[in-house]
Amino acid sequence: MKILNNSLITLIVIISSYASQINAQVNSDYPSMDGKTVLITGSTDGLGREVAIRLGMLGAHVLVHGRNAQRGAEVVEKINNSAGSAQFYQADFGSLNNVRELANNVKRDHQKLHILINNAGLGSGFAGGQRRVSQDGYEMVLQVNYLAHYLLTDLLLPLLKDGAPSRIINVASRAQSPVNFGDIMLENYFSGRATYHRSKLAQVMHAFHYSELLQGTQVTFNTLHPASMMDTTMVAQMPGPARTTVDEGARALMMLAVSPALVGRSGLYFVGHNEGRANDQAYDSVARAELDKIARELIKLPAREN
Ligand SMILES: NC(=O)c1ccc[n+]([C@@H]2O[C@H](COP(=O)([O-])OP(=O)(O)OC[C@H]3O[C@@H](n4cnc5c(N)ncnc54)[C@H](OP(=O)(O)O)[C@@H]3O)[C@@H](O)[C@H]2O)c1
């Protein structure tokens with residue numbers, strides 16, 4: 001079985017490397033991103049790194065983000081050697097102060113943002129499936145995947161409005177389960193899968209809720225499941241082999257980021273290249289508003305005026 005798994009992984013890696021060679025061809029279907037500024041969280045590895053490189057190839061100025069400065073520098077160098085340009089921002093989303101600093105640094109360096117891709121994430125295998133608490137005292141996976149991105153998006157909204165037409169994309173997952181409002185921080189029951197699934201649905205609810213609030217601004221907000229079990233670090237921490245490649249997820253994410261077919265379209269959930277249906281809770285406007293209120297309290301943003 002192990003030999004079979006290893007062969008499968010080798011096959012996936014060969015297909016991946018072939019796919020990288022045809023990136024340029026795939027990318028050439030899209031308009032130039034010259035003059036556009038794009039922030040991709042978690043672009044030091046996996047899906048985020050691949051999409052950062054592809055956007056760079058289209059001429060974008062890419063704000064590469066992650067914790068690992070060395071891998072960040074490698075991505076920046078690769079983009080600077082292509083049609084685009086890049087700079088690295090380091091921030092650990094296990095600290096909301098780090099997120100605030102990241103937003104301040106981006107605002108210091110840029111007046112406009114054209115695309116924000118909320119991609120950084122921890123998977124269900126993080127810390128061997130053990131519950132961890134962030135510097136802010138919140139359950140770690142929920143904070144990194146959802147709360148940190150909620151805060152970042154809110155803080156960068158002025159730049160996105162100045163860059164409009166602009167796009168926000170939450171990289172969620174098809175692995176979703178309803179948020180338990182009685183146990184938001186999973187204190188009563190915890191599993192790696194439970195927190196991952198809830199954080200990913202929370203990201204979908206975030207996108208749906210904001211897409212309504214942003215109507216008329218020319219800032220669109222969509223979300224997607226890129227592909228299942230891609231060959232990334234996150235998946236390597238989970239039991240079982242990878243089933244798809246980063247290329248597959250990157251193609252879907254590129255479509256949401258730059259395809260002219262998505263101009264002006266907002267509040268959508270995609271599974272790969274096709275519109276899909278998220279967990280029922282995402283379509284419950286009362287649940288969305290409740291989650292929004294809780295998130296704002298947790299990250300200390302002012303309550304909304306009704
Ligand atoms: N892989 C899949 O099959 C799959 C399926 C569905 C959805 N997704 C979603 O796709 C996104 C990318 O996943 P991936 O598989 O590409 O993951 P990955 O290869 O593990 O990369 C994760 C990225 O997130 C960053 N990151 C992790 N923890 C962070 C923290 N505390 N603060 C700041 N950055 C942090 C990492 O930065 P450093 O390395 O610099 O720390 C890295 O750049 C995630 O949102 C994931 O949920 C993935």
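1. Helix α3 is largely enclosed by the rest of the structure, because twelve of its twelve residues are buried. A residue counts as buried if 20 or more other C-beta atoms lie within 10 Å of its own, as exposed if 12 or fewer do, and as partly exposed in between, with C-beta atoms placed from the backbone. The buried residues of α3 include G46, R49, E50, R54 and M57. Helices (H or I, at least four residues) and strands (E, at least two) are DSSP runs, numbered from the N terminus.

2. The model is a predicted one, in which local features need pLDDT of at least 70 and side-chain atom pairs count only at pLDDT 80 or more, while totals for chains, interfaces and linings use all residues. Residues are numbered from 1 along each chain as its sequence is written.

3. From its first C-alpha to its last, α3 reaches 17 Å, close to the 16 Å expected for its twelve residues at 1.5 Å a residue. The expected span is 1.5 Å times one less than the number of residues in the helix. Just after α3, G59 takes a positive phi of about 100 degrees.

4. G46 lies in helix α3 and is buried, with 23 other C-beta atoms within 10 Å. Neighbours within four places in sequence aside, G46 is in contact with T232, T233, M234 and V246; contact requires the C-beta atoms of two residues, placed from the backbone, to lie within 7 Å. G46 and M234 are 188 residues apart along the chain, and their C-alpha atoms are separated by 8.3 Å.

5. The ligand is surrounded by 29 residues, of which the closest are G42, G46, G66, G121 and T232. The elements that give two or more residues to this shell are α3 (46-57) and α8 (233-236). By class, the shell has eleven nonpolar, 14 polar and four charged residues. Here Ala, Val, Leu, Ile, Met, Phe, Trp, Tyr, Cys and Pro count as nonpolar, Asp, Glu, Lys and Arg as charged, and the others, Gly among them, as polar.

6. Helix α9 (residues 246-258) is also largely enclosed by the rest of the structure, since twelve of its 13 residues are buried. Among them are V246, D247, E248, R251 and V258.

7. In helix α4 (residues 69-80), the buried residues are G72, V75, V76 and I79. Seen down the axis of α4, these residues fall within an arc of 100 degrees, so they line one face of the helix; the arc is that of the directions from the helix axis to the C-beta atoms. The face turned away from the buried side carries the exposed residues Q70 and E77. The cover over the buried residues of α4 includes α3, β2 (61-66) and β3 (85-90).

8. The protein chain as a whole has ten helices and eight strands. Its radius of gyration is 18 Å, close to the 19 Å that the globule rule gives for 306 residues, so the chain is as compact as a globular protein of that length. The radius is taken over C-alpha atoms, and the rule is 2.2 Å times the number of residues to the power 0.38. Of the 306 residues, 47% count as buried.

Conventions
Near = placed C-beta within 6 Å.
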